[in-house]
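This report describes the fold and a few side-chain arrangements of one protein chain. Please keep the sequence and the 3D view at hand while reading.

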Amino acid sequence: MPVAHIRPAGPEDEEPLRRLDRETWSYQHAVSPRPGPDDPFFTERAGPEDHLVAELDGAVVGYVRLGFPTPLASNRHVRQIRGLAVAEAARGAGAGRALVRAAVEEARRLGARRITLRVLGHNTAARKLYESEGFMVEGVQPEEFCLDGRYVDDVMMGRPLTGPA
């Protein structure tokens, strides 16, 4: 399978990303309700400039959303992966890993000292990916979410962007 091409998102990606978000939605990784068919993908809080897109053979197959963990000025040196999705057909082809690496490089380019993320405790595939890319568990909030009738831990992970990876 070819290697995913990672690029910045643009306004023209609204529809393919909206479709991808609906197709990949699952309580395996989502804490919000499934997006509706007419819900916008880009919002005031997360526009095209906050996303990197993975393409295979010219088709959008994934994205990563990069933002700030809080609105506080004292926290501006940290970026957070605020969403990651890969189409079912593209899983196992390295698109997720390429998106994580691109997010790390983008955060570094933007001058961040750290990058963090939150992942559901039962999402072992994502946790293994993040760990293999240098993220470490920094905290766990037990039973933080009740999803589909089950209590699920929220796992905070992070890694420095200065010094060795």
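How many bridges join strand 1 to strand 2, and do they run parallel or antiparallel? The model is predicted. In it, strand 1 and strand 2 run antiparallel and are joined by four bridges. Within this pairing, Arg7 has Val53 of strand 2 opposite it.

**The sheet and its helices**

The two strands belong to an open sheet of seven strands, arranged in the order 1-2-3-4-5-7-6 with mixed pairing. Strand 1 (5-8) and strand 6 (136-147) are the edge strands, and each of them pairs on one side only. On average, and with direction ignored, neighbouring strands of this sheet are turned by 25° against each other.

Helix 1 and helix 3 (residues 124-132) both pack on this sheet.

| Helix | Strands touched | Angle between directions |
|---|---|---|
| Helix 1 | strand 2, strand 3, strand 4 (78-86) | about 85° with strand 3 |
| Helix 3 (residues 124-132) | strand 4, strand 5 (114-120), strand 6, strand 7 (150-160) | about 160° with strand 5 |

**Thr116**

Thr116 is located in strand 5. Is Thr116 buried or exposed? Its relative accessibility is 10%, and because buried means under 20%, Thr116 counts as buried. Apart from neighbours within four places in sequence, the residues in contact with Thr116 are Pro69, Val78, Arg79, Gln80, Ile81, Glu138, Met157 and Gly158.

**Aromatic rings**

The model has four aromatic pairs. One of them is formed by Phe41 and Tyr63, with 4.9 Å centre to centre and 80° between the planes. Why is this pair edge-to-face? Planes over 60 degrees apart count as edge-to-face, so the 80° between the planes of Phe41 and Tyr63 puts the pair in that class.

Phe41 lies in the loop between helix 1 (14-24) and strand 2 (51-56), while Tyr63 lies in strand 3 (residues 59-67); the pair therefore ties together parts that are 22 residues apart in sequence. Both partners are under the 20% limit for buried residues: Phe41 has a relative accessibility of 5%, and Tyr63 has a relative accessible area of 4%. Phe41 and Tyr63 also form one aromatic cluster with Phe42.

A further ring, that of Phe68, has a charged residue over its face. This residue is Arg76, at 3.6 Å from the ring centre.

Definitions and conventions. Residues are numbered from 1 along each chain as its sequence is written. This is a predicted model: local features need pLDDT of at least 70, side-chain atom pairs count only at pLDDT 80 or more; totals for chains, interfaces and linings use all residues. Side-chain values use heavy atoms; hydrogens and water are left out. Rings of Phe, Tyr and Trp (its six-membered ring) pair if their centres lie within 6.5 Å; planes under 30 degrees apart count as stacked, over 60 as edge-to-face and the rest as tilted. Buried means under 20% relative accessible area, exposed over 50%, partly exposed in between (1.4 Å probe, protein chains only). A charge sits over a ring if NZ of Lys or CZ of Arg is within 6 Å of the ring centre and within 35 degrees of the ring normal. Two strands pair if DSSP finds at least two bridges between them. Axes are lines fitted to C-alpha atoms, for helices over the stretch in contact, and angles run from 0 to 180 degrees between N-to-C directions. Contact means heavy atoms within 4.5 Å.
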